[in-house]
Amino acid sequence: MSAVLEINQTIAEQSANALILSNGVKSYPITVAVYDKMIEHGILDENDKVELLNGVIIEKMTKGIRHAALNDLIGDLFREILGDKVYVRLQNSIVLDDFSEPEPDVVVCRPPHRTYLERHPRPHDIFLVLEISDSTVSYDRNTKSLAYARAGISQYLLLNSQKSTLEDYREPSADGYQFKQTLRAEQSFNLVAFPEIGINVGEFLFKAQ
């Protein structure tokens, strides 16, 4: 079966997901199953800087030198602090639900890494998601935050590199996170999944400056 026919068949099988717009026209959000087949058959590849969120393929901002270096350093920090309690992934896909497969900057999830050879991490695997934000603060603070909350991600961290603050979101619900605190370099916070472990915010912000 050709790639196009296989994708069309998958869409047809999932036609119950159609949304009715205000003008009565049907709209078909892209599912994770269709999105993954587009990747599998080379319709989307690593040169396409995109991710799937809420049934829509979103173009991702190109990450600059500072953002990329910061991403690696924060990943190393989590590995140093948490050791073999966790598996840390950087800028790789997770599956939130049938319509969202984003690629967060940092994901702290359950080990072992072998678990993810056949599938991407799902909400029950994930301890924490962190996004590094410079030019996309509003999108990360609102759209992404709501998607992570609805999926039940217990803790979402947003590093605002422009203002040198760390936003800590907790208590996920269908309406978004019910708790938020904005932290600066002199403050510290604990991890929801590991409450006995405290982290000095300066460890993140120092690397952002």
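1. A residue is called buried here when its relative accessible area is under 20%, exposed when that area is over 50%, and partly exposed in between, with a 1.4 Å probe and protein chains only. On that scale, buried residues make up 43% of the 209 residues in the protein. The model is a predicted one, in which local features need pLDDT of at least 70 and side-chain atom pairs count only at pLDDT 80 or more, while totals for chains, interfaces and linings use all residues. Residues are numbered from 1 along each chain as its sequence is written, and side-chain values use heavy atoms, with hydrogens and water left out.

2. The secondary structure comes to five helices and 12 strands, where helices (H or I, at least four residues) and strands (E, at least two) are DSSP runs numbered from the N terminus. With contact taken as heavy atoms within 4.5 Å, residues 24 or more positions apart account for 49% of the contacts that have a separation of 6 or more. The accessible surface of the protein is about 11,100 Å², and 50% of it belongs to carbon and sulfur atoms; these areas come from the Shrake-Rupley method with a 1.4 Å probe, and for residues only the protein chains shown count as cover.

3. A nonpolar core is understood as a set of buried Ala, Val, Leu, Ile, Met, Phe, Trp, Tyr and Cys residues joined through side-chain atoms within 4.5 Å. The largest such core has 25 residues, of which Ile74, Phe78, Leu130, Phe189 and Phe204 touch the most other members. Two or more residues each are given to this core by α3 (65–82), β6 (106–109), β7 (126–133), β8 (155–160) and α5 (202–208), and α3 supplies the largest share, five residues. Leaving out residues up to four places away in sequence, leucine 130 touches Ile74, Phe78, Pro104, Asp105, Val106, Leu157 and Phe204. A second, separate core of 17 residues includes Leu96, Tyr148, Ala151 and Tyr169.

4. The structure holds nine salt bridges, each defined by a side-chain nitrogen of Lys or Arg within 4 Å of a carboxyl oxygen of Asp or Glu. One of them joins lysine 144 to glutamate 51, with the closest N and O atoms 3.0 Å apart. This pair links distant parts of the chain, since lysine 144 belongs to helix α4 (residues 137–151) and glutamate 51 to strand β3 (residues 50–53), 93 residues apart. Both partners are buried, lysine 144 with a relative accessible area of 5% and glutamate 51 with one of 2%.

5. Two further salt bridges deserve a comment. The side chains of aspartate 168 and arginine 170 meet at 2.8 Å, N to O; aspartate 168 is buried at 0% relative accessible area, and arginine 170 also counts as buried, at 14%. Salt bridges that share partners join Glu51, Glu131 and Lys144 into one network. Arginine 119 pairs with aspartate 125, the closest N and O atoms being 2.7 Å apart; here arginine 119 is partly exposed at 31% relative accessibility, whereas aspartate 125 is buried at 5%.

6. Glutamate 131 is found in strand β7 and counts as buried, at 3% relative accessibility. Its side chain is joined to that of tyrosine 148 by a polar contact of 2.7 Å, a term for a pair of N or O atoms within 3.5 Å in which, within protein, one must be able to donate a hydrogen and the other to accept it, residues adjacent in sequence counting only if both atoms are side-chain atoms. Neighbours within four places in sequence aside, glutamate 131 is in contact with residues including Pro104, Asp105, Asp140, Lys144, Tyr148 and Tyr156.

7. Serine 145 is found in helix α4 and is buried at 5% relative accessibility. Apart from neighbours within four places in sequence, serine 145 is in contact with Asp140, Tyr156, Tyr169 and Tyr177.

8. Proline 102, in the loop between β5 (87–90) and β6, is buried with a relative accessible area of 0%, and its contacts, neighbours within four places in sequence aside, are Glu51, Leu52, Leu53, Asn92, Ser93, Ile94, Leu96 and Tyr148. Glycine 64 lies in the loop between β4 (56–59) and α3 and counts as partly exposed, at 39% relative accessibility; glycine 64 and aspartate 134 are 70 residues apart in sequence and 9.9 Å apart in space, C-alpha to C-alpha.
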